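Me: I've got a structure here that I'd like to talk through with you, a bit at a time. Can you take my questions as they come?

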Amino acid sequence: AAVAVVCNGLLSLFEVVVETYLEWEPIEASFSARSTINPIRDLVDKMDIKPHPEKDMIALSIGDPTVFGNLPRASEVTAAVIDAIQSGGNDGYPHSAGYPKARDALAQAASGGDLKYTADDVIITSGCSGALDLAMEVFNRVGGNMLIPEPGFSLYKTLGIAKGLEMRSYRLMPEKEWEADLDHLEHQIDGNTLAILVNNPSNPCGSVYSKAHLSRIVDIAARKRVPIISDEVYAHMTFGRDFHPLASVASNVPVLTCGGLAKRFLVPGWRVGWILIHDPVNAFTSSIRPGLVKLTQHILGANSLVQGALPAILSQTKPEYFDNVLAHLKENAELVCKMLQNAHGLTTIMPHGAMYLMVKLEPSMYKDIKNDRDFTQKLITEQSVFCLPAEVFGSPNFFRIVTTVPKAKMVVAMDRIIQFTKEHADC
């Protein structure tokens, strides 16, 4: 019996030692985590970002209008947030879909002409990216696909693939100022197509669609009985062309419009966006509307302070503020297009909105440039100018230029690009 007790004790000790030192098996992350890929981050991580040591770096790659400090927020926006803080009424949890007063303010701001919204048509989200996430998720089902523009904002694929969706691209045509190839768009639709995503004004193209072109997209959606997700985070940020909300021409198609404060009000870090529900055919009533509200409960609402300030931000910011920002963007876009006429192997496409433009390059006109990634990598190394290769947007042999930078820096950057193209010209 004594031997048995000793043996049992030794066995227990052995088990403790084994359990203590036995290695854990790797624990696998979820499908969503493993499937999340940001094409821009993936590309930048692979690039050798080593600027010329004797030249200051000029980053024309970052879509954050606050980076250079030359485009400050409006004073009315600052005052609205200070008032929201000092009121003491915006410190708790808001309704997960947003404060009623903020939703009502957005509904009023977005209504116009025949397009009418109420507070019940508004879902407030954590930034426009949060709006896109909810809009895509509410349609999601196994085996489904969504149509996205190409070139297009890379986050569309990041979000969709992580949800298990098949993301199908429809072509945008540079020769037609980036209008959608409507035949190709319609050809991509099948019985499993859950939504068509339209981005207007466009990132990365800076294009602004006419009412007629938007109507033709809506006609396809109506025939195929497919709803539309309209990314309008750059709404009203146009020059030389009028902006038309897609929902304003969708009398027979349901639309979820995604927007936010980030770009027009130049506060991307404040993280307040929204979804506007347009449903003239009552296709969203029974499931999509309540589904969106349920999805907001995942994070229990967007920034309460900024929501509290939203009515004043929307109603009190002066038109002159927006006019000044747009004048800067237009001036820079025109400057780039004019100066790069002297750049060997490059062709610009003049934008009419947002804060970007695309430049086409012809690798065959260079002695040692293989593609857009090679061009932008060597441009960093030799000239300390960072442009984003458009392969990340699905458009190889283009690159994107951000137009928010100070004019003086833009002039220097264009001079460097011109010099770079001359040094690498195959002639």
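Predicted model: local features only at pLDDT ≥ 70, side-chain atom pairs only at ≥ 80, totals over all residues.

Me: Is Lys 157 buried, partly exposed or exposed?
Reply: The cut-offs are under 20% relative accessible area for buried and over 50% for exposed. Lys 157 has 33% relative accessibility, so it falls in between and counts as partly exposed.

Me: How far is the C-alpha atom of Lys 157 from that of Thr 36?
Reply: Along the chain, Lys 157 and Thr 36 are 121 residues apart.

Me: On to backbone angles: what is the relative accessible area of Arg 225?
Reply: Arg 225 has a positive phi, near 55 degrees, and is not a glycine. You'll find it in the loop between H9 and strand S7 (228-231). Exposed means over 50%, and Arg 225 is exposed because its relative accessible area is 70%.

Me: Is Asn 282 buried or exposed?
Reply: Asn 282 also belongs in a talk about phi, with a positive value of about 55 degrees although it is not a glycine. Its place is in the loop between strand S9 (273-278) and helix H10 (288-296). The relative accessible area of Asn 282 is 58%, so this residue is exposed.

Me: Now helix packing. Are H5 and H11 roughly parallel or roughly perpendicular?
Reply: Helix H5 (residues 100-110) and helix H11 (residues 304-316) have axes 8 Å apart, at an angle of about 25 degrees. Angles under 35 degrees count as roughly parallel. H5 and H11 are therefore roughly parallel.

Me: Which residues of H11 make that contact with H5?
Reply: The crossing of these two helices, H5 and H11, is left-handed. On the H5 side the contact uses Lys 101, Ala 102, Ala 105, Leu 106 and Ala 109. The residues of the contact are seven nonpolar, two polar and one charged. On the H11 side they are Gln 307, Gly 308, Leu 310, Pro 311 and Leu 314.

Me: How are H13 and H14 set relative to each other, roughly parallel or roughly perpendicular?
Reply: Helix H13 (residues 372-383) packs on helix H14 (residues 407-424) at about 110 degrees, with the axes 11 Å apart. The range from 65 to 115 degrees counts as roughly perpendicular. H13 and H14 are therefore roughly perpendicular.

Me: How many charged residues are in the contact of H13 with H14?
Reply: From H13 come Phe 375, Lys 378, Leu 379, Glu 382 and Gln 383, and among their partners in H14 are Arg 416, Phe 420 and Glu 423. By class, this contact of H13 with H14 has four nonpolar and four polar residues, and the charged ones number four.

Me: H14 also meets H12; what is the handedness of that crossing?
Reply: The axes of helix H12 (residues 319-339) and H14 come within 10 Å and cross at roughly 20 degrees. That angle makes H12 roughly parallel to H14. The contact includes Leu 335 and Met 339 of H12 and Met 410 and Ile 418 of H14. The crossing of H12 and H14 is right-handed.

Me: Last one, on the whole protein: what percentage of its residues count as buried?
Reply: The protein has 14 helices and 14 strands, and its C-alpha trace spans about 100 × 55 × 50 Å along the principal axes. It exposes about 19800 Å², with 53% of that supplied by carbon and sulfur atoms. Of its 427 residues, the buried share is 52%.

Key:
Residues numbered from 1 in each chain as written. Heavy atoms only, no water. Axes fitted to C-alpha atoms, helices over the stretch in contact; angles between N-to-C directions. Helix = DSSP H or I, 4+ residues; strand = E, 2+ residues; numbered from the N terminus. Parallel < 35°, antiparallel > 145°, perpendicular 65-115°, else oblique. Left-handed = near helix turned anticlockwise from the far one by under 90°. Contact = heavy atoms within 4.5 Å. Nonpolar A, V, L, I, M, F, W, Y, C, P; charged D, E, K, R; others polar. Buried < 20%, exposed > 50% of the residue type's maximum accessible area, 1.4 Å probe, protein only. Areas by Shrake-Rupley, 256 points an atom, 1.4 Å probe, with all protein chains shown as cover.
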